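Let's take a look around a protein model together. Have the sequence and the 3D view open as you read.

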Amino acid sequence: MHYMQDTEVLKVADAVRSALGDLIPQVRPPQAIADSETLFVDLGLNSLEYLELWTSIESRLGCRFDDEDLLGDLRTVGDVVQRTLDVCRAGELA
Amino acid sequence: MTLRVETWCNILHDFPAYAKREPVPKHMEGNGGGRNTDVRPQLTLELFRQSNQADVAEIPIPDAILELYAMYRPTPLIRAKAFEEALGTKSRIYVKFEGQNAAGSHKLNSAIAQAYYFKKAGVERIVTGTGAGQWGAAISWACGRAGLAATVFMVGVSYRQKPLRPVMMRVYGGEVHESPSEVTEVGRAGRIKDPQRIGSLSIANGEAIEIARGVPGARFAVGSGENHVLLHQTVIGQEAVRQMEEIGDYPNVVTACVGAGSNFAGISFPFIRNNRRHGKAVRIIAAEPIACPKLTRGLYAYDMSDASSTTPQVRMMTLGRDVVVPGIHAGGLRYHGTSPLLSAMYQDGLFEARSFPQRKVFETAVLFARSTGMIVAPESAHALAAAVQAVQESPAPICVLANVSGHGLLDLSSYDAYLKDEIDDGAPDEAMIANSLSLLRQRNEYVEAAV
């Protein structure tokens, strides 16, 4: 079970990394979002890119975010990874 | 046949190339809209999705929105026979009338939808700019219904020309400021540059953005120009296509006025779709005032929608955000730019544009009122002027559909001024336009020539 969770986290982290890399490659070069330091980095996106990030993750993972899913403070890479995990898991349960 | 329309017409599905946003040239970056982690997205995810998705042709309208639409939709589509007779034409002139709702114009179609999506996204307050006040009235009512607060910055000249509209907004629960105002940095700077406080939608939007960025729970909303707004308005054209089919007629020409383009897109997109899919050949004509000729004399260039240079650079038909258009009575048509989507479509020849002097517009509106009894908004009267021109230019009788986007019952002082011969043609300030276009060219270096 622990292994399954790790796989899921890595899959989501990879999708977030790729999405961020596509949006602003000059700011966020492709790299593993795995260490805690990277997770706490501010997104560094403008408001348009912020929305593009979520739709980009949707297309990579086949999940769908609602506006309700984006409520709360979502400032760091780690916030995005965690919220994506929450939505993916809720989708699987539904 | 049922006239209840349950989907919006997504024109991006027909022209997916328009869904691909052109990257802003490097030399334009940094001129506003830069990266900033404090910039909260002003759009909701769903509205953003609606602005960009090309994969579906019809977007279902949520039930909660349909329920409110049912209070006034379908709107009437009527043949203006008496107007035809007054003009002495054998052509058939139909009008789609969007003025029979609480707010008095088509703006309610998007106000209801935006209030619904913003509420879902946890937003508490909508902050916006409005020209003639149609959007301000609509969003004030829609926000009240949705349990949202509304703050509206209304362009100064219209605020004074149409003093009952801000009252209407306040009755609906909105907070209204005359723009340029004293409550924002943008407004205070605007007052120095524009001591007569004529104002512009660019300044009003700049004020709204400043508040939206500074107040927790607040978001900036627009009543025109953006793709999602245009999408919401297509309920007009969706209905009109069905109504025309039910009547057993079909237009040769469709006309609508253009400010930033929402009512124009609303009536025209389903007809443009039919042109493409079903081999129809309807001429689509955008009507604008000679005072603000962004389509007929503007540049297709990168520009911003607000005076505070906060919004992203977008490529559009524009006179430049530095222009302050004369205070004509069709205040809703004074915006310096046009929707980027419509601008691209205009570049590709999917519709035409004509400009009309203010007196000609009122002459048409008065003739229409005397023959049909309908007093239309000065903005909407441009659509009628374009319809009349199309009829008069045609060597044979044709069928014309004009979108009357709103009533003019709160614009009677404008009609009064016309009847007293106190208004002019609204000739543009040539020096100001030249200066603004020059600044625009400098910012764009490579800009293509005006159409």
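## A helix, a crossing and a sheet

Helix α3 of chain A (residues 47-61) has 15 residues, so at 1.5 Å a residue it should span 21 Å, and its end C-alpha atoms, 22 Å apart, agree with that. The expected span here is 1.5 Å times one less than the number of residues. Helices (H or I, at least four residues) and strands (E, at least two) are DSSP runs, numbered from the N terminus.

This is a predicted model: local features need pLDDT of at least 70, side-chain atom pairs count only at pLDDT 80 or more, and totals for chains, interfaces and linings use all residues. Residues are numbered from 1 along each chain as its sequence is written, chains are lettered from A and ligands numbered from 1 in the order in which they are written, and side-chain values use heavy atoms, leaving out hydrogens and water.

Just after α3(A), Gly62(A) takes a positive phi of about 75 degrees.

Now over to chain B. Four strands make an open sheet there, ordered β7-β6-β5-β8, with parallel pairing; two strands pair if DSSP finds at least two bridges between them. β7 (175-179) and β8 (218-221) of chain B are the edge strands, each pairing on one side only. In β6(B), Met154(B) is the bridge partner of Thr130(B).

| Helix (chain B) | Strands touched (chain B) | Angle with β5(B) |
|---|---|---|
| α6 (residues 134-146) | β5, β6 and β8 | about 165 degrees |
| α10 (residues 201-214) | β5, β6, β7 and β8 | about 165 degrees |

Angles run from 0 to 180 degrees between N-to-C directions.

Conventions:
Contact means heavy atoms within 4.5 Å.
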